[in-house]
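Please have the sequence and the model open while reading.

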Amino acid sequence: MSTHHSDDVRHLASAPIVVGVDGSAAADAAVAWAAETAERRGRTLCIVHGMNLAGMTRTLEPYDLLEPPVLEAVRARAGALVERAAQRALAAAPGVRVQTEVSAADAVRLLLRYGSTAYLMVLGASGAGGLAAHLGSTVLSVSCRAEGVVVVVRPHSDPGRRVRREGPVVVGVDGGPVSEAAIGAAFEEATERCAELVAVHVWDDAKFGHYAGNPYLVFPTPEIEVTEQALLAERLAGWQEKYPDVLVNRRVYPSDPVRTLLAWSGSAQLVVVGSRGHGWIRGALLGSTSNALVQHANCPVMVVHPDERSES
């Protein structure tokens, strides 16, 4: 399965890179990253902000918000916010085409609307707090629920430094259609960036019994590793034929996928993972690999949702 079908509207030349902004430092880093990417790929950058007017009426007296001066002030502040983001985008990438949109909707609804038509959706994430702090966040909601491809950009801990643009593209590979979509996206990114692709496959002790059909029989580690290496090579073979220019480094680990991919995020320019996206509450509570990475990775994380039409 490939996400890159000829009828995929997300790969039309007109498909924009969409970045959500809220005035935070994390959003500023996301705007700069998205602008540079849009300029390099000849795509329009669409900067969007959701005012969440419905949410405001729950915290203000409804008639206060409906007063023209109040509404005008809210809209003026939102307009100034996206204009500042547009200036930041042009400072990072002077040749980029920029559009802006201010919506009455909340940020999650606004971004989910773009999922089926955007080339990429980009969001900024800040902090490394625990799950409870992020459970209701825009980043988790969008990365779990959106169609298509979402990139979460975390600003560098040193404000003077830019988000890393060198190092390999790293992709997490398991055995299902979810990671197949991620593999396709990772090869495309490695080609666009002229970067090495590191394909990471993690197995664990729980799989030992699976090989022998006997839960009490443990195979020697080297034998398991050879089998897993062969499975990984098989998963990548077709993609390597399609992208012969990409140098692929296949890595198999007997450990936790989150810990392994987080370690790689320290030197990668991008980590790519698949997500089933069965609803953000369930996904967040399960603590999936993609959710852990968007909260804690040290480089941008691309979350790829498979095209459901091609999974049937």
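**Nonpolar cores**

Leu45 touches Ile17, Val19, Ala34, Ala35, Ala38, Ala89, Val96, Arg97, Val98 and Gln99, leaving aside residues up to four places away in sequence; contact means heavy atoms within 4.5 Å. The model is predicted: local features need pLDDT of at least 70, side-chain atom pairs count only at pLDDT 80 or more, and totals for chains, interfaces and linings use all residues. Residues are numbered from 1 along each chain as its sequence is written, and side-chain values use heavy atoms, with hydrogens and water left out.

- The largest nonpolar core has 54 residues, and Leu45, Val122 and Val272 have the most contacts inside it.
- Helix H1 (residues 25-41) supplies the largest share of this core, eight residues.
- Another core, of 33 residues, lies apart from it and includes Ala146, Val152, Ala297 and Val303.
- A nonpolar core is a set of buried Ala, Val, Leu, Ile, Met, Phe, Trp, Tyr and Cys residues joined through side-chain atoms within 4.5 Å.
- Buried means under 20% relative accessible area, exposed over 50%, and partly exposed in between (1.4 Å probe, protein chains only).
- Helices (H or I, at least four residues) and strands (E, at least two) are DSSP runs, numbered from the N terminus.

- Val108, Leu110, Leu111 and Tyr114 are buried in helix H5 (residues 107-114).
- Seen down the axis of H5, its buried residues fall within an arc of 165°, so they line one face of the helix; the arc is that of the directions from the helix axis to the C-beta atoms.
- Arg109 and Arg113 are exposed on the other side of H5.
- The cover over the buried residues of H5 includes strand S1 (17-20), strand S3 (98-103) and helix H7 (138-145).
- Helix H13 (residues 289-296) is mostly covered, with six of its eight residues buried.

**Salt bridges**

- The count comes to eight salt bridges, each a side-chain nitrogen of Lys or Arg within 4 Å of a carboxyl oxygen of Asp or Glu.
- Glu36 and Arg165 meet in a salt bridge (3.1 Å, N to O), and this pair links helix H1 to the loop between strand S5 (149-153) and strand S6 (169-172), 129 residues apart.
- Glu36 counts as buried because its relative accessibility is 9%.
- Arg41 and Glu189 form a salt bridge (2.8 Å, N to O), and both are buried.
- Glu101 and Arg113 also form a salt bridge (3.7 Å, N to O), joining strand S3 and helix H5.
- Salt bridges that share partners join Arg41, Glu189, Glu192 and Arg193 into one network.
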